[in-house]
Amino acid sequence: MIKTIKLKITDVLGNISNKFTAHNISVTILLIIPLVLLFLFSFLIGRYPVSPLDVITALYAKFLPANYSISPSLDTIIFQIRLPRIIAAMMVGAALSVAGASFQGLFRNPLVAPDKLGVTAGAGFGAALAILLSLGGLMIQISAFIGGLVAVTLTYLFSKTFKGTSMLTLVLCGIAVESFFAALIALSKYVADPFQQLPTIVFWLMGSLAAVTNQDLLLMGPPIIIGIIILLLIRWRINVLSMGEEEAQSMGVNIKSLQAIIIVSCTVITASAVGICGIIGWIGLVIPHVARMIVGPDHKVLLPASIILGAFFLLLIDDVSRTMISVEIPLGILTAIIGAPFFLYLLSKSKEVWA
Amino acid sequence: MSSIIEIIDASFSYDGYNKIFEGINFSVEKGDIFCILGANGTGKTTLIKCLNRLMELDSGKVLLNNQDIYSLSHSEIAKNIGYIPQIHNSTFPFSVFDVVLMGRAPHLDLFESPGEEDFKIAEKSLESLNISYLKDKPYTEISGGERQLVFIALVLTQEPSVLLLDEPTSHLDFGNQIRTLNIIEKLSKKGLSVVMSSHFPDQAFISANKVAIMRDKNFIDMGTPEEVITEQNMAKTYGIHVKIVDIGDRVACVPLKIK
């Protein structure tokens with residue numbers, strides 16, 4: 001009896017390891033553990049001292065039916081200040097990474113980042129414009145979001161006017177639109193009031209999570225989460241699409257609609273992420289690479305792994321940003337300063353050869 | 001016998017007026033190997049791509065099991081027609097098994113990933129071509145000949161009834177050319193219909209049972225290899241002289257030196 005069960009178990013295990021992906025799925029699950037630890041650890045960082053016990057008690061009291069009560073100041077620190085910031089860091093990191101991984105598959109190019117179609121520059125200009133018009137925080141976010149969508153729509157419409165719309169024309173139009181909006185951002189800075197608006201624009205463009213509130217999360221969270229879910233649902237098809245348009249079509253993929261789904265989802269995700277915290281470069285390019293080095297190129301596991309790693313990386317960066325020196329270092333600067341050497345190190349270590 | 005795939009009065013142009021071909025008719029039956037010959041740039045590849053709607057005809061019809069392919073979705077076409085391109089590269093180093101698994105795409109919904117059944121079908125395709133040993137290798141690091149076989153395995157995973165091959169032997173070494181033809185022949189014996197283009201008239205003798213020669217926007221001849229691959233036709237098509245010789249187990253088409 002026991003022997004048959006044992007046999008069955010080895011059988012099942014053998015089956016699972018045969019399945020190739022299974023090995024990678026368990027790696028993905030392993031990746032979650034450091035993320036959870038970092039999540040808990042991040043509550044401890046900051047000017048107001050919070051003990052690990054406080055965090056666990058507070059989380060327990062909040063989310064499980066318990067009779068503990070915690071002090072109001074602790075409640076504010078944990079749930080009004082640190083939690084939204086931690087959630088935002090993880091969400092934005094995950095968002096930019098998953099969008100980057102999807103875009104790299106869509107464009108069959110590992111050098112593509114989610115801002116390739118102009119979404120980041122468009123969102124940046126949207127925010128700069130709102131700041132110029134002295135609109136409030138909420139309006140800056142909405143304006144950034146709309147700016148991102150407008151830029152990608154323009155890219156798409158321009159690429160439509162060329163015969164034989166291929167992904168290459170789309171990228172070329174994206175580059176044009178991107179520099180156009182970059183120029184508009186520069187123009188906004190040039191005309192901005194140098195004492196009030198200019199620093200706001202500059203800091204906003206460098207990216208920060210310092211001012212994130214629960215309300216921001218409620219506004220920009222849903223589009224990010226919906227976009228991520230859609231990308232996760234179609235993730236296996238990105239494999240097929242990355243084999244080439246003609247090949248994918250001959251395998252029965254409706255490429256036009258699949259491309260549209262990916263572009264719309266990534267655009268909404270990225271525009272929302274930029275809306276929450278400004279422009280944070282580098283993550284969307286690098287994290288998919290790191291994920292690919294760990295779990296391989298199969299998008300079925302690559303996308304979940306990118307999400308977890310992206311969340312981990314930006315949360316780590318944000319922790320560093322608020323502890324390293326007494327003033328917060330903008331995230332856009334840190335992601336590059338920490339990310340670039342790390343990436344080069346990984347690249348030199350990896351066996352992967354790009355043809 | 002009823003035809004699996006039939007093309008009726010087909011014409012195609014890229015720009016709307018310069019026809020690449022017009023008035024083309026042929027039909028392929030179960031187990032047929034139909035080989036299209038022709039000089040470079042005569043539109044063989046374009047014609048093949050029109051058969052599974054990678055390109056759309058200006059006028060004319062393609063019938064798949066008597067159904068107009070323009071009334072079918074891409075996934076319905078892909079369940080019946082597999083297409084193997086001339087040459088293929090992947091950007092990402094997918095494992096061979098992951099690549100072969102992609103052939104299940106037409107059988108899965110948009111939100112679905114392949115499951116146990118699909119793994120089995122993919123394994124079977126690999127086994128049928130004797131390339132199971134490649135399973136875990138990165139697709140980007142195997143040889144051109146192996147990649148060709150892997151792509152054939154991918155297409156077999158689609159479980160089609162028709163195979164379209166665009167110059168399947170043109171990037172292969174001498175031995176792999178003949179091995180590929182042998183595989184094509186075996187597949188046709190299992191009931192698959194094959195439409196392929198080729199630059200080698202001699203290969204039509206080895207594998208095909210129907211041959212057409214494409215030239216000046218149309219077929220100038222169509223029939224069995226013996227009927228079509230003649231010294232006159234080859235001179236007309238390629239502008240060189242050939243000799244058709246009996247070499248024992250088959251006839252061969254041998255090019256002569258240009259004097």
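Apart from neighbours within four places in sequence, Leu101(B) is in contact with Pro114(B), Asp118(B), Ala122(B) and Thr157(B), two residues being in contact if their C-beta atoms, placed from the backbone, lie within 7 Å. The model is predicted, so local features need pLDDT of at least 70 and side-chain atom pairs count only at pLDDT 80 or more, while totals for chains, interfaces and linings use all residues. Residues are numbered from 1 along each chain as its sequence is written, and chains are lettered from A and ligands numbered from 1 in the order in which they are written.

Leu101(B) lies in helix 3 of chain B; helices (H or I, at least four residues) and strands (E, at least two) are DSSP runs, numbered from the N terminus. Leu101(B) is buried, with 29 other C-beta atoms within 10 Å. A residue is termed buried if 20 or more other C-beta atoms lie within 10 Å of its own, exposed if 12 or fewer, and partly exposed in between, with C-beta atoms placed from the backbone. From Leu101(B) to Leu54(B) the separation is 47 residues in sequence and 21 Å in space, C-alpha to C-alpha.

Chain B contains 9 helices and 12 strands. Its radius of gyration is 19 Å, close to the 18 Å that the globule rule gives for 259 residues, so chain B is as compact as a globular protein of that length. Here the radius of gyration is taken over C-alpha atoms, and the globule rule is 2.2 Å times the number of residues to the power 0.38. Along the principal axes, the C-alpha atoms of chain B fill a box of roughly 55 × 40 × 35 Å. Buried residues account for 43% of the 259 residues of chain B. Of the contacts in chain B with a separation of 6 or more, 66% are between residues 24 or more positions apart.

Two further sites in chain B were examined. Glu227(B), in helix 8 (residues 225-228) of chain B, is exposed, with 12 other C-beta atoms within 10 Å. Glu227(B) and Lys210(B) are separated by 17 residues in sequence and by 9.5 Å in space, C-alpha to C-alpha. Arg53(B) occupies the loop between helix 1 (44-51) and strand 4 (59-64) of chain B. Although not a glycine, Arg53(B) has a positive phi of about 70 degrees; with 21 C-beta neighbours inside 10 Å, Arg53(B) counts as buried.

Between the chains, 29 residues of chain B are in contact with 26 residues of chain A. On the side of chain B that touches chain A, helix 2 (74-80) and helix 3 (96-101) of chain B each supply at least two residues. Helix 2 of chain B gives the most, with 5 residues. By class, this side of chain B has 16 nonpolar, 11 polar and 2 charged residues, where Ala, Val, Leu, Ile, Met, Phe, Trp, Tyr, Cys and Pro count as nonpolar, Asp, Glu, Lys and Arg as charged, and the others, Gly among them, as polar.

Chain A has 15 helices and 0 strands. Of its 355 residues, 45% are buried. Among contacts in chain A between residues at least 6 apart in sequence, those joining residues at least 24 apart make up 75%.

Helix 14 (residues 299-323) of chain A has 25 residues and reaches 35 Å from its first C-alpha to its last, close to the 36 Å expected at 1.5 Å a residue; the expected span is 1.5 Å times one less than the number of residues. Because 20 of its 25 residues are buried, helix 14 of chain A is largely enclosed by the rest of the structure. For helix 5 (residues 119-132) of chain A, the 14 residues should span 20 Å at 1.5 Å a residue, and the end C-alpha atoms are 20 Å apart, which agrees. Helix 5 of chain A is mostly covered, 13 of its 14 residues being buried.

Positive phi values occur on either side of helix 5 of chain A. Arg108(A), in the loop between helix 4 (72-106) and helix 5 of chain A, is not a glycine but has a positive phi of about 50 degrees. With 17 C-beta neighbours inside 10 Å, Arg108(A) counts as partly exposed. Ser134(A), which follows helix 5 of chain A, has a positive phi near 55 degrees.
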